Amino acid sequence: MNLSDVHVIDVDTHIIEPTDLWTSRLSGKWGDLVPHVAYDQDNDEDVWVIGDQAMMPAAMFAAVDHDDLMPEYPRRFADVPASMWDPRARLRVMDENHIHAQVIYPNLVGVFFAERFVSMHPALALACVEAYNDFVTEFCSVDPDRLIGMTAVPFWDVDASVRELARGKEMGHRGLLFAHTFERVGLPNINDRHWDRLLAAAQDLEQSVNFHIGFAAAEATQSWVGYRTTSRQAIAADAPSQFLSNVRAMSLLTTYGVCERFPRLKFVCVESGFGYVPFVLQAVEWHWENNGVWREHPHWLRPIDYFKRQMYATFWFEQPAVEHLEEYRDNVMWETDFPHPSAQWPTAATPAPKTAADAVAYSLGGVSEATRRKVLHDTAATVYHLR
């Protein structure tokens, strides 16, 4: 499939955080409490550490172009390809694959190890979030039309989150990195009015709200150091439940009045796929009707109408039903998950796609030209205010 005639927008990719991201930006007064990378001799790998708590291998998610499959990964950060942490090298890879723009997400702040930042001293935690946002702004500044930053926020403090979201908008970011099931860190979930001030700010600033899977996936004391001992069966078995976690976002947003209160706010379910969407909407609709929710809120829209108005799914390795892609083409976007282990291209043993064009052909074969353009560009351009 020829991608050269489409400005392809890849809506979910990651940075492998450089080892000096925080140590080069934060005050030395915090000492080892600042996130930093140290060599773990027992496991023969570089690891991220906060204080005396190890978190994860520094190159654990650097899967693309590695010569083996998970649970293997580069043991030293020095072995991570430049395209995973250097913006110019990333742009070269994008050019080679005819990808016009990529939305950039982290691994640590606001995603897998959110719990560690919540438990920090509040001033240090805020400084860590600000330092990440400064870093991703610098990364994207090499070509801000093609490298798209998301704003991480100190979600444990709503007022500070509102301020940081505004700062991110000023720096050129195009959305809010957020979560829906905050009960994992002792806070109200997304349907609670606790978050209304932040959601109102996002709506006013025209910043989409992006739910990336894996929020607080690592518990407060959990370490992923030595992940190479994990069985491949366990990795395969656990993956579907991780992807399906965004079902909760769809259900909470469309049934508890969040979409009703914020009709211009766009919500994106990131790195969680699309195939489940028609079933989930049918299930929510069935119970909306069967349980009489419509009686309590006769003026609300139906869940499927809220979804079609302001919610979005992203997919990569799937081959969705053509009729479903055609029906929901205004609500679905394409991603690569580069350079994570589930990335569709190019990994050591993926049987079909070896380039982005292969991946697109694999997933979008049989759809109309209009739908292909919407999934690859038009919908993402609208959500993230891109060309």
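Me: At what angle do helix α8 and helix α12 pack?

Reply: Keep in mind that this is a predicted model. Helix α8 covers residues 247-255 and helix α12 covers residues 303-310, with their axes 9 Å apart. Since angles from 65 to 115 degrees count as roughly perpendicular, α8 is roughly perpendicular to α12. The packing angle itself is about 105°.

Me: Which residues of α12 make that contact, and how many of the contact residues are charged?

Reply: On the α8 side you've got M250, T254 and T255, and they meet P303, Y306 and F307 of α12. By class, the contact has 4 nonpolar and 2 polar residues.

Me: Zooming out, what radius of gyration does the protein chain have?

Reply: The C-alpha atoms fill a box of roughly 60 × 45 × 40 Å along the principal axes. With 387 residues, a compact globule would come out near 21 Å, and the chain agrees with that because its value is 20 Å.

Me: What share of the contacts with a separation of 6 or more comes from residues 24 or more positions apart?

Reply: For background, the chain has 15 helices and 11 strands. Of its contacts at a separation of 6 or more, the part from residues 24 or more positions apart is 74%.

How values were computed. Residues numbered from 1 in each chain as written. Predicted model: local features only at pLDDT ≥ 70, side-chain atom pairs only at ≥ 80, totals over all residues. Heavy atoms only, no water. Axes fitted to C-alpha atoms, helices over the stretch in contact; angles between N-to-C directions. Helix = DSSP H or I, 4+ residues; strand = E, 2+ residues; numbered from the N terminus. Parallel < 35°, antiparallel > 145°, perpendicular 65-115°, else oblique. Contact = heavy atoms within 4.5 Å. Nonpolar A, V, L, I, M, F, W, Y, C, P; charged D, E, K, R; others polar. Rg over C-alpha atoms; globule rule 2.2 N^0.38 Å.
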